[in-house]
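User: I would like to learn how to read the features of a protein model. Please take them one at a time.

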Amino acid sequence: MKKLTLFSLFLAAVVIILGAYTRLTDAGLGCPDWPGCYGNLTVPLSDEKVNAANAAYPERPVEAFKAWNEMIHRYFAGTLGLCIATIAFIAFRQRKQGTPFKLPLLLLGLVTFQAALGMWTVTLNLLPVVVMGHLLGGFSVLSCLFLLYLRLREADTSTSSVSQSTVSQSTVSMDSAEQVTSPSVAGLSRMKTFALFGVGVLVIQIALGGWTSANYAALACTDMPICEEGWQSRLDFAGAFSVPEAENYEFGAHDYGERATMHIVHRAGALVTFSYLLALGLTLFFKHGASLQLKRVSAIMIGCLFAQVALGVSNVVFALPLAVAVLHNAFAAILLLSLLWIVFSLLKHTSAAPTYDSSVHAARHTTLSSHALPQALSKATGGLHG
């Protein structure tokens with residue numbers, strides 16, 4: 001199950017990247033129906049099928065390139081759904097053996113809802129709320145798969161070292177009265193709250209990016225560091241975060257001021273997210289008592305932060321190059337996973353790291369030794385008198 005989860009994790013990452021590629025190549029309606037393409041399981045290519053498709057959808061003639069982008073995304077998403085269904089089935093069969101069951105069940109519900117969002121994306125003509133929800137759903141599936149993999153890996157590690165755990169539990173049982181919380185562990189425990197809050201900050205920023213992309217506002221501002229001159233007079237927050245009535249939302253239905261507002265809010269969110277996560281990452285990296293793994297993951301998160309800023313600036317300066325825009329989505333996923341790994345590591349580190357008052361332990365050891373030594377000598381062969 002762990003290998004299948006790992007495979008599904010990589011598959012979910014591919015689906016997110018393909019989804020970004022599909023959206024950025026304006027292929028979200030490459031197939032105007034669902035789940036097939038112009039009534040076929042594949043893109044219609046023969047003259048007969050193309051003519052029939054064009055007759056059925058005269059407002060959306062066949063564009064093979066866009067249609068293939070959409071269908072390849074659907075094929076991978078469908079495969080991911082089958083993998084998650086298999087994981088849920090295995091988890092159900094093995095639930096009495098301690099295999100996580102609630103998380104696979106949640107994953108099954110998420111991927112089912114994702115399929116519905118994929119359908120609504122097409123049938124509602126790229127309604128921005130649905131498109132953004134579809135993006136967040138993909139990130140949610142990826143995150144849950146990653147957490148499931150970490151839990152399964154942790155379970156395997158615990159099983160392989162069961163004998164050592166038994167010894168450690170015996171020691172803790174003997175000295176439970178002496179257990180206290182060291183300053184380093186207490187500090188890491190407090191960092192859990194900051195890390196969890198960081199997840200919320202990052203998710204909001206991803207949602208803002210999804211909203212900006214779904215409304216085709218990525219190039220609403222092409223000047224740095226904020227927007228073109230006079231941007232203050234064009235701010236319209238109410239309009240920017242509303243959904244205007246339209247028959248088709250392809251290429252956006254908001255006016256320029258509303259799109260510029262979306263873009264500016266996304267940039268402001270990027271600044272807040274960068275500052276907060278950078279402070280969190282540096283604090284953990286230099287934190288006394290943090291494990292080597294925690295420091296490494298913090299370094300990965302910091303590196304992803306700087307990469308995201310560079311990619312975001314490049315999107316504006318170079319007018320949204322396709323490769324850069326796709327990488328911007330990919331690094332957002334990596335950034336989220338690294339932050340979730342930090343949260344998981346903090347929970348594991350602080351819950352499984354009991355510490356002891358060394359002075360009390362030493363005093364007890366000395367007291368026991370002072371009583372045990374004469375008794376042992378008196379019972380030795382011949383005693384002290386030969």
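User: Which residues lie nearest the centre of the second largest pocket, and how many line it?

Analyst: A pocket is an open set of points on a 1 Å grid over the protein atoms alone, where a 1.4 Å probe fits, with protein on both sides within 12 Å along at least five of seven lines; a lining residue has an atom within 4 Å of a point. Here 38 residues line the second largest pocket, and H73, A77, Q114, G118 and H134 lie nearest its centre. This is a predicted model, in which local features need pLDDT of at least 70 and side-chain atom pairs count only at pLDDT 80 or more, while totals for chains, interfaces and linings use all residues. Residues are numbered from 1 along each chain as its sequence is written, and side-chain values use heavy atoms, with hydrogens and water left out.

User: How much space lies in the second largest pocket, and which helix gives the largest share of its lining?

Analyst: A volume is the space filled by probe spheres set on the grid points, which are joined across faces, edges and corners. For the second largest pocket this comes to about 840 Å³. Helices are DSSP runs (H or I, at least four residues) numbered from the N terminus. α3 provides nine residues, the largest share of this lining. The helices that each supply at least two are α1, α3 (64–93), α4 (102–123), α5 and α7.

User: What residue classes make up the lining of the second largest pocket?

Analyst: Ala, Val, Leu, Ile, Met, Phe, Trp, Tyr, Cys and Pro count as nonpolar, Asp, Glu, Lys and Arg as charged, and the others, Gly among them, as polar. The lining of the second largest pocket has 21 nonpolar, 13 polar and four charged residues.

User: What can be said in the same terms about the largest pocket, starting with its space?

Analyst: The largest pocket holds about 1000 Å³ of space. Its lining counts 39 residues, with Q205, H266, G312, N315 and H328 nearest the centre. α9 gives eight of them, the largest share. Other helices with at least two lining residues include α10 (292–317) and α11 (322–351). By class, this lining has 23 nonpolar, 13 polar and three charged residues.

User: How is α1 built, in residues and reach?

Analyst: The expected span of a helix is 1.5 Å times one less than its number of residues. α1 has 23 residues and reaches 33 Å from its first C-alpha to its last, close to the 33 Å expected. Buried means under 20% relative accessible area, exposed over 50%, and partly exposed in between (1.4 Å probe, protein chains only). The buried residues of α1 include T5, L9, A12, I16 and R23. Just after α1, D26 has a positive phi of about 60°.

User: How many disulfides are there?

Analyst: A disulfide is a pair of cysteine sulfur atoms within 2.5 Å. The count here is two. One pairs C31 with C37, with 2.1 Å between the sulfur atoms. The torsion about its S-S bond is about -80°, so this disulfide is left-handed. The other joins C221 to C227, at 2.0 Å from S to S, and is left-handed too, with -85° about the S-S bond.

User: Are the cysteines C221 and C227 buried or exposed?

Analyst: Both C221 and C227 are buried. C31 and C37 are buried as well. C144 also counts as buried, with a relative accessible area of 11%, as does C304 at 6%.
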